Amino acid sequence: MSWIKRATGAESLPNILASHSLNAEALDAHLRLYRTIMFGDSPLTRSEREAIAVAVSAVNDCHY
Amino acid sequence: MLDSLTPRLAALCRYARKLTLTPWAMEAADVERLRAHGLDDRAIVDANQVVSYFNYVNRVADGLGVELEPTWPQGLRERRTYGARRLEFPSVAADTLPWLSVAQMREVDRLMIEEFGIALEQMMENAGRSLAVLARPLLGGDARGRRVLVIAGGGGNGGGGLAAARHLAVAGAEVEVRLNGPPERLDPVPKRQQTSLGAIGVAARFRPDEPLPDTSLVIDAALGYGQRGAPSGETAHLIRALPNAPVLALDVPTGLELETATLREPHVRAQTTLTLALPKQALRAGDAKDVVGDLYLADISVPATVYQRLGLEYESPFGCSPIVRIEMA
């Protein structure tokens, strides 16, 4: 759940995606960027990318 | 924490941290440091994209109030903040500062009072206010309604604790103060701090037989940098009776004898220590690190000329903030 209502049909999405499902194009672009940088080909390993993600989220003290 | 990572991953995490906290301070050298670990331009672009994306998505989560899914444990879902938000304060590298002996710190205090006209009361007030500033993030970012227990001695260190108690009480914290001796034995300047504190309805009590209350944060201002020997009497009792809560120590955790770099028994184990003017050498000696915790430094307005008189090379670390975190190598 979030402070913003979710779009019809977005019920099964994780909350982070459902939170901005009212803008379907932004949601789609977000997902494509996420998949590209986190799962696409890269000289960085998967675990390096996850470690960077943790470093950023910890510094931001992001509860999600 | 970064020490346990491979050098390459540690470099990536440093880049991530700096870009997240101080994006305006990025420079070509930051990219060079990644190249030095064998990362090519494509790898650097990818690292930058991950950092940037997570800053984006963290703000989606925080800005739209995104909650964790019900599959997560309840405790995690209710928690809103993690860690001590330590990074709100800029950091300075430990090796860029001179570290003082106890004799040098005494001389700094003497010069400040006798030659620079900065009264003990002024330094104490700065110390107490800085302590109260650093206490807020340790209380989750807001002092209102949070319980703080201050243990205070009768000297200058205790006076700083009493000043912090006043600032936090005025800010809305529920403050309890325990003295390590009868109030009539307070030195004159801490005595005035105690009087001001009493005037806003916070009593600094000497209650040797009473247990200490539960609290969100303990402020240790029992003994300062000049302490010698093992804490005794009520100081020792207070240390042993401390409730299970994070401790913020003023200048030095009680029980750590800086003069000889000896950890006495009993001693306070702090999560955070706020030291004043410049760090003292024994704060990073062998056993000390465990009881000092994260080390912060607060300005009490010592001019560079004081340190020059002591033959020290000194450049103020307080350009960006009157409180900085000392980053150990």
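Which residues in α6(B) meet which residues in α7(B)? Before selecting them, note that this is a predicted model, where local features need pLDDT of at least 70, side-chain atom pairs count only at pLDDT 80 or more, and totals for chains, interfaces and linings use all residues. Residues are numbered from 1 along each chain as its sequence is written, with chains lettered from A and ligands numbered from 1 in the order in which they are written.

**Stop 1: α6 and α7.** Select residues 120–138 and 156–170 of chain B. These are helices α6 and α7 (DSSP runs of H or I, at least four residues, numbered from the N terminus). Their axes, lines fitted to C-alpha atoms over the stretch in contact, come within 7 Å and cross at roughly 55°.

Now show the contact (C-beta atoms, placed from the backbone, within 7 Å). From α6(B), pick Leu120(B), Met124(B), Glu125(B), Ala127(B), Gly128(B), Arg129(B), Leu131(B), Ala132(B) and Ala135(B). They meet Gly156(B), Gly159(B), Gly160(B), Leu162(B), Ala163(B), Ala164(B), His167(B) and Leu168(B) in α7(B).

**Stop 2: α7 alone.** Color by burial (buried: 20 or more other C-beta atoms within 10 Å of a residue's own). In α7(B), 14 of the 15 residues are buried, so the helix is largely enclosed by the rest of the structure. Step just past α7(B) to Gly172(B), which takes a positive phi of about 110°.

**Stop 3: the chain A side.** Show both chains. 36 residues of chain B are in contact with 29 residues of chain A. On the chain B side, select α1 (7–21) and α3 (41–64), the elements that give two or more residues. α3(B) gives the most, with 16 residues.

How values were computed. Axes fitted to C-alpha atoms, helices over the stretch in contact; angles between N-to-C directions. Contact = placed C-beta atoms within 7 Å. Buried ≥ 20, exposed ≤ 12 C-beta atoms within 10 Å, placed from the backbone.
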